[in-house]
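Hi,

Here is the structure I promised to pass on. Please have a look at it first, and then read my notes below.

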Amino acid sequence: LVALVLLLCNALCTSFQQPPEKGFYLVVLVLVGFVSSVMWISAVAQELVSLLNALGLMLNISPVILGLTILAWGNSLGDFVSDVSLARQGYPQMAIGGVYASPMFNMLIGMGTSLLISCIKTGTTNLGDDTATINLTFIFLLLTLVSTIIMVPVNKFKFTKGFGFYLFSVYVVYLVLTILMTLGVIRIPFITPK
């Protein structure tokens, strides 16, 4: 209904022959476009998560493995493509900034907002049971961040191929260990909750 009202206003206030002039109407039009884009992205993402859950149930695949692979890769693909193309176009500083700023925004604003809303509704929020995969994820995240904090200043703020291979190999080791733990093939005693 809101979209129909906005569509009617747009049809009455604009013409196909010339774009709207700069001013209040254009700002409103851009904001409505932005909000509707966010809403469509949210709806599609919600359907994608539901579809992945259904596939996981039908094929008997652990939700952890689906989250670590298909969902994580799909969620990060846009950032990956834009950061690589920025680096190839000669803007490596912007690409590195995006690599760290995007997940930070996701964790601080996205998680902060969702936890705040949940706490306002229920008083407290329980994120679920302590699991070995969550502990392993935090260990590898901490390892990656600390090693980056140490190595980047040591290399005089220059990234090398070796450091890139190191980061890639840390991710592969993390992914393999987490999948093996989820499947019950291995057990790491010091991170498994009691």
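Let me start with Tyr174, which is buried, with a relative accessible area of 13%. Here buried means under 20% relative accessible area, exposed means over 50%, and partly exposed is in between, with a 1.4 Å probe and protein chains only.

Before I go on, a word on the source: this is a predicted model, in which local features need pLDDT of at least 70, side-chain atom pairs count only at pLDDT 80 or more, and totals for chains, interfaces and linings use all residues. Residues are numbered from 1 along each chain as its sequence is written, and side-chain values use heavy atoms, with hydrogens and water left out.

The aromatic rings

Searching the whole structure gives four aromatic pairs. Rings of Phe, Tyr and Trp (for Trp, its six-membered ring) pair if their centres lie within 6.5 Å; planes under 30 degrees apart count as stacked, over 60 as edge-to-face, and the rest as tilted. One of the pairs is Phe140 with Tyr174, which is tilted, at 5.5 Å centre to centre and 50° between the planes. Because Phe140 lies in helix α5 and Tyr174 in helix α6, this pair ties together parts that are 34 residues apart in sequence. Helices here are DSSP runs (H or I, at least four residues), numbered from the N terminus.

Tyr171 and Tyr174 make another tilted pair, with 6.4 Å between centres and 45° between the planes. They are three residues apart in helix α6, so about one helical turn separates them. Tyr171 is partly exposed, with a relative accessible area of 34%. Together, Phe140, Tyr171 and Tyr174 form one aromatic cluster.

How α5 and α6 meet

The axes of α5 and α6 come within 10 Å and cross at roughly 170°. Axes are lines fitted to C-alpha atoms, for helices over the stretch in contact, and angles run from 0 to 180 degrees between N-to-C directions. The two helices are therefore roughly antiparallel to each other, a label for angles over 145 degrees. Among the contact residues are Phe140, Leu143 and Thr148 of α5 and Phe163, Leu167 and Tyr174 of α6; contact means heavy atoms within 4.5 Å. By class, this contact has 13 nonpolar, seven polar and no charged residues. Ala, Val, Leu, Ile, Met, Phe, Trp, Tyr, Cys and Pro count as nonpolar, Asp, Glu, Lys and Arg as charged, and the others, Gly among them, as polar.

Thr148 sits in helix α5 and counts as buried, at 9% relative accessibility. Apart from neighbours within four places in sequence, Thr148 is in contact with Tyr100, Pro153, Phe163 and Leu167.

How α3 and α6 meet

Helix α3 (residues 63-88) and helix α6 (residues 161-182) have axes that come within 8 Å and cross at roughly 145°. Residues in the contact include Leu68 and Trp73 of α3 and Tyr171 and Tyr174 of α6. The classes here are eight nonpolar, three polar and no charged residues.

The nonpolar core

Which residues make up the largest nonpolar core? There are 10 in all: Leu68, Ala132, Leu136, Phe140, Val170, Tyr174, Leu175, Met181, Ile188 and Ile191. Such a core is a set of buried Ala, Val, Leu, Ile, Met, Phe, Trp, Tyr and Cys residues joined through side-chain atoms within 4.5 Å. Helices α5 (132-154) and α6 each supply at least two of its residues, and the largest share, four residues, comes from α6.

Best wishes

Note on methods
Angles under 35 degrees count as roughly parallel, over 145 as roughly antiparallel, 65 to 115 as roughly perpendicular and the rest as oblique.
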